[in-house]
Amino acid sequence: MASQCGFIWGWVYCDGNIILDDVEGVKYDRKMTRLVKLEFNLRFEGLLNLLYTKLWMDNTLYKLNICRRFLNPSTNLYEIAPMFDDDDDDVQYMFESVDYSSLRNYVELYVDKISTSSGKQSNAMVEMSKSGDRSSSSYSSKKLRTSESGGASGGASGGASGGASGDISSGSSSRCLSRLDSEGNSRGSSDFRDDDIPFYKSFDGSSMVASFHESVMNKSIDISNASELQKGMMFQTKEELMRVVKDVHIVNHQEIKVVRSDSVTWELECNRKMTGCVWMLRARKRTIHNFFEIMETKGVHTCLNPNMTQDHYNLNSSNIVHVFSTQIAADPSVSEKVLEATAVSHFEKALFKSSEESYEYLPKFMNALQSFNHGTFVDWYFKEHDLGEPIGEVVRFKRVFWAFKPCIDAFSHCIPVLLIDGTHLYDKYGGVLLTATTVDGFNHLLPVAFTIVESENTASWTWFMERVKKKVVLRQRDVCVISDRHKGIISVMNNPELGWCEPHSHHRFCSRHLAANFGKEFKKGHIKDRIVPLCSQLTGHKFSLHWNALVAAEPRAQQWFADKPLSRWALAYDEGKRFGIMTTNIAESWNSAIKVARKLPITALVKSIFHKVVTYFDQRRLEIENQCVDGNEFTHHANKMLNRWKEHASGHHVKLFDRDSWVFTVTTMKRGQKGGNEQIVRLMEGICTCNKWQTFHISCSHVLACCANQNLEYKSLGSEWYRLDNARKVYGSAFEPLPDEDAWPLFDRFPMMVPDIENISNKPGRKKETRYKNEMDFQVLGRNKGTSSSGASSRIL
């Protein structure tokens with residue numbers, strides 16, 4: 001019975017002794033040395049070359065003799081048979097003799113080496129393979145038994161007709177064959193040390209043999225490309241391996257991701273594997289030489305990564321420390337400028353020398369973005385606008401707004417929901433990044449508009465949301481904005497002049513922020529934990545049950561909620577405006593994704609956001625195409641909900657009430673204390689009394705049951721936002737990369753922009769916080785004191 005895999009695993013044993021056991025027969029006194037894959041089309045020469053490679057032996061210094069261990073069915077004992085180098089039949093018979101139906105469907109090979117320099121054999125197994133009848137598969141076993149019964153023949157020159165050429169000591173149930181060293185002298189198994197075993201070290205592609213006691217060759221400093229990281233390279237420590245691999249990828253602007261990392265293993269793959277890049281590397285700490293060795297590499301980097309000059313995914317403090325440590329050790333008085341030049345030279349990073357230079361460079365970069373990505377909108381607001389001063393040759397930065405053209409185009413095809421949030425920046429001059437994020441049919445975030453402002457206040461939120469309305473939302477109606485209850489946001493959403501009021505748009509509160517605010521007001525046990533479940537109820541009946549329980553526990557809750565309209569925080573009264581999105585978690589996850597970039601100078605931050613959004617578009621396009629290949633019509637998010645509700649629909653009982661208007665009653669199956677409810681479905685009106693259909697805009701289990709009952713196509717009732725055809729439109733617009741700076745258009749009409757030095761606190765000690773924080777806020781480090789703004793605004797172009 002042949003294996004269906006095309007190969008079989010081989011257990012290779014080496015550098016030990018063959019033992020005769022009264023119960024088992026022949027076995028080896030050492031654990032398995034290597035596990036190798038033996039393909040069925042393998043010939044003896046290929047097997048020999050494979051063993052030379054896997055056992056790190058030089059074929060010019062050693063000759064290998066191979067024996068196969070097999071089970072003799074007549075005696076039910078294991079025996080060994082030699083494999084000769086002039087006949088491929090032994091290899092084929094090895095495959096044919098394996099019982100693939102048993103658990104031991106593998107091959108066991110005993111390998112012995114002969115030193116070709118002295119021409120002498122290294123142990124008795126070699127003599128056994130030369131003597132006797134080659135056609136007898138149990139020959140070796142017979143010789144061993146003869147030696148056991150007739151005494152040891154001894155010596156290293158056992159002839160063809162003699163006993164086994166090894167010394168089998170008597171008086172023991174297990175007897176060991178003696179071995180010969182490279183000089184022909186008999187040695188016990190305990191005399192063989194690891195320093196007798198040569199091994200390969202191939203940093204530059206050449207093969208060489210060295211003792212384990214030699215230091216590892218370190219030619220890794222010459223590696224300039226990931227393709228030069230080859231199988232067999234060894235490093236003294238895991239830290240050295242990590243440093244070399246990271247340095248290579250940083251220099252070549254390629255990113256890697258750790259798949260597995262522990263004390264003995266380091267396995268990597270390309271960070272852009274989703275784009276089709278197959279590069280991978282696996283290294284292990286080998287007990288045979290106690291170094292980290294590259295065991296496997298695959299492919300080359302085929303990904304196209306943006307040339308990030310401000311940051312790198314794999315660059316951390318350990319890389320920089322290693323670059324500096326050698327230079328500081330040689331010259332402890334080395335200056336800071338020299339170290340900075342060293343870092344720039346080593347990592348090829350065009351670092352800004354100061355935050356001030358970054359502010360001066362930002363207008364030039366923004367102009368390049370607009371020039372090569374037509375339709376991208378940028379607007380500026382300076383300190384001079386606040387003071388009513390004319391714009392001169394030098395201006396002080398206060399705010400900047402930008403929205404990429406592909407993101408503007410994408411919003412019209414996304415779910416009409418905007419999640420707005422602010423996060424603090426940790427540069428020298430601080431500030432706050434405000435972001436408007438939408439959601440696509442995959443339930444993935446998509447940031448569509450950004451602004452950097454002095455602080456969160458009514459003026460800054462007004463300036464931001466005014467531009468979001470006129471440049472991103474445009475004339476689109478029924479857009480729902482979800483946010484926390486910041487006073488500046490509430491003021492904007494209630495200002496009729498800005499166009500965010502009902503019925504054109506809708507404002508909803510984040511339930512987690514609402515619960516945090518409630519907990520701050522009523523510090524009574526875990527009463528705030530009741531708020532999120534209260535907000536998330538889908539029907540008025542269930543909402544009333546949770547509301548009554550809350551009022552019973554805290555009567556003052558009724559007064560606290562009095563000025564908050566139900567539609568803004570209760571899902572049961574939302575009328576499907578928020579698409580079931582109860583929190584601003586998506587917006588906050590974006591803030592977390594750019595957490596490192598928030599510590600960079602302002603231009604580096606904008607660059608990082610640009611490249612991250614480009615990456616989002618690329619990943620989403622690949623995801624869409626993969627789902628289209630699978631024959632899907634809806635996104636994975638919609639299919640997941642539909643599949644779950646299809647399972648529920650199988651237990652529903654449906655009754656048709658009106659065929660003309662397609663009105664049904666659906667009774668759910670009783671499951672324990674749940675179920676047994678009756679819902680009314682009106683297909684023509686898009687209504688189900690469970691409120692899931694109206695809330696999530698995806699057919700609920702009751703609608704699916706009605707469609708199945710009347711053989712109706714439920715897919716026609718699905719919302720356009722969740723169809724893959726619409727998802728293609730979301731990411732249909734493309735970004736254009738920025739060429740080298742020398743190819744940027746001339747930009748000399750913009751005044752020189754400098755930061756506002758009033759944002760720097762000169763007071764000693766820790767800076768005082770001006771904002772009350774709760775568990776919903778990120779930790780603020782070194783935030784400058786917020787400043788009020790008069791609300792004056794520059795003209796929107």
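Start with how the chain meets itself: of the contacts in the protein chain with a separation of 6 or more, 62% are between residues 24 or more positions apart, where contact means heavy atoms within 4.5 Å. This is a predicted model, in which local features need pLDDT of at least 70 and side-chain atom pairs count only at pLDDT 80 or more, while totals for chains, interfaces and linings use all residues. Residues are numbered from 1 along each chain as its sequence is written, and side-chain values use heavy atoms, with hydrogens and water left out.

How far can you trust it? The score to look at is pLDDT, the predictor's confidence in each residue, from 0 to 100. Its mean over the protein chain is 77, and 74% of the residues reach 70 or more. Two stretches call for care. Over residues 118–221 pLDDT stays under 50, although the model has 212 contacts beyond four places in sequence for them. Residues 347–351 also stay under 50, with 20 such contacts. Where pLDDT is low, the predicted coordinates should not be read in detail.

Now for the overall picture. The secondary structure comes to 23 helices and 29 strands; helices (H or I, at least four residues) and strands (E, at least two) are DSSP runs, numbered from the N terminus. Of the 797 residues, 50% count as buried, and buried here means under 20% relative accessible area, with exposed over 50% and partly exposed in between (1.4 Å probe, protein chains only). The chain exposes about 38,800 Å², and carbon and sulfur atoms supply 50% of that; the areas come from the Shrake-Rupley method with a 1.4 Å probe, and for residues only the protein chains shown count as cover.

Just after H1, Trp56 takes a positive phi of about 55°.

Further along is an open sheet of five strands in the order S13-S17-S16-S15-S14, with antiparallel pairing; two strands pair if DSSP finds at least two bridges between them. Its edge strands are S13 (234–235) and S14 (256–261), each pairing on one side only. S13 is joined to S17 (residues 292–298) by two bridges in the antiparallel sense, and Phe235 stands opposite Phe292 in S17. Helix H5 (residues 238–251) packs on this sheet, touching S13, S14, S15 (265–270), S16 (280–285) and S17, and its direction makes about 10° with that of S15. Axes here are lines fitted to C-alpha atoms, for helices over the stretch in contact, and angles run from 0 to 180 degrees between N-to-C directions.

Next comes strand S18 (residues 377–382), where six of its six residues are buried. In a regular strand the side chains alternate between the two faces of the sheet. In S18 both faces are covered, with Phe377, Asp379 and Tyr381 on one side and Val378, Trp380 and Phe382 on the other. Six bridges join S18 to strand S19 (residues 394–403), running antiparallel, and Asp379 has Phe401 in S19 as its bridge partner.

What about the inside? A nonpolar core is a set of buried Ala, Val, Leu, Ile, Met, Phe, Trp, Tyr and Cys residues joined through side-chain atoms within 4.5 Å. Of the 109 residues in the largest one, Trp402, Phe404, Leu418, Ile452, Val468 and Trp500 touch the most other members. Helix H19 (residues 602–629) gives the most to this core, with ten residues. Leaving aside neighbours within four places in sequence, Ile452 has contacts that include Trp402, Leu425, Ile602 and Val606. A second, separate core of 23 residues includes Val12, Leu38, Leu48 and Phe95.

The peptide bond from Glu502 to Pro503 is cis, with omega near 5°, and Pro503 is found in the loop between helix H12 (487–493) and strand S24 (505–509). His637, in helix H20 (residues 636–649), lies 194 residues from Asn443 in sequence but 6.4 Å away in space, C-alpha to C-alpha. Is His637 buried or partly exposed? With a relative accessible area of 22%, His637 is partly exposed.
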